[in-house]
Amino acid sequence: DTIVVLWGDHGWHFGDHGLWCKHTNYEQATRSPLIIARRATGGKEQKSASPVEFVDIYPTLCDLAGLPISPQLQGISLAPILDDASVKVKEFAVSQYPRGQGPSELMGYAFRDGRYRYVEWVPKGQPNAEPKATELYDYETDPLERKNLASDPAQAEVLAKMKKMAREFHERNPILHKS
């Protein structure tokens with residue numbers, strides 16, 4: 001009946017991207033370990049590539065303990081992944097971090113799926129505004145996020161898909177954007 005959850009802090013930039021800090025919208029500052037163990041798996045270790053978020057931990061624990069999951073929660077249960085590591089319970093994970101101050105402050109919303117990270121920079125508190133800047137990184141060809149592909153015409157289809165995911169996320173989660 002024991003469930004063990006281990007999660008950790010995200011990384012630190014040691015000069016990569018010219019940064020010496022902890023908080024950004026890059027992979028190194030948003031990726032962190034998450035391990036969930038329960039006896040029902042019989043000790044079988046599995047690794048999943050499904051995007052997940054820390055907001056998924058509480059609904060997962062409720063699900064595994066047989067407790068009701070409130071529909072008001074932002075996260076979803078990761079229990080299906082524990083049964084089959086090839087399952088994806090969500091298409092992307094979201095992170096956000098601001099830059100600038102005062103009236104020019106922008107909020108960066110990063111959407112990470114299995115292959116890409118799309119970041120859009122919008123005026124703080126206006127997630128549906130036209131982005132002031134966008135970033136797109138392909139981890140299959142550029143795992144260190146050195147080339148922003150947002151203006152590459154060959155990536156127009158990927159960019160449109162990621163922008164659509166961002167719009168749908170903002171529409172579903174208006175409470176997250178209140179100041």
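## A pair of strands

Seven bridges join strand E4 (residues 106–112) to strand E5 (residues 116–123), and the two run antiparallel. Strands here are DSSP runs of E with at least two residues, numbered from the N terminus; helices are runs of H or I with at least four. Arg 112 stands opposite Arg 117 in E5.

This is a predicted model: local features need pLDDT of at least 70, side-chain atom pairs count only at pLDDT 80 or more, and totals for chains, interfaces and linings use all residues. Residues are numbered from 1 along each chain as its sequence is written, and side-chain values use heavy atoms, without hydrogens and water.

## The sheet and its helix

E4 and E5 belong to an open sheet of four strands, in the order E3-E4-E5-E6, with antiparallel pairing. Two strands pair if DSSP finds at least two bridges between them. Strand E3 (93–99) and strand E6 (133–138) stand at the edges. Each has a single partner strand, so one side of each lacks a neighbour in the sheet. From one strand to the next, the twist averages 15°.

Helix H4 (residues 156–172) packs on the sheet. H4 touches E3, E4, E5 and E6 (contact means heavy atoms within 4.5 Å). The direction of H4 makes about 55° with that of E5. Axes are lines fitted to C-alpha atoms, for helices over the stretch in contact, and angles run from 0 to 180 degrees between N-to-C directions.
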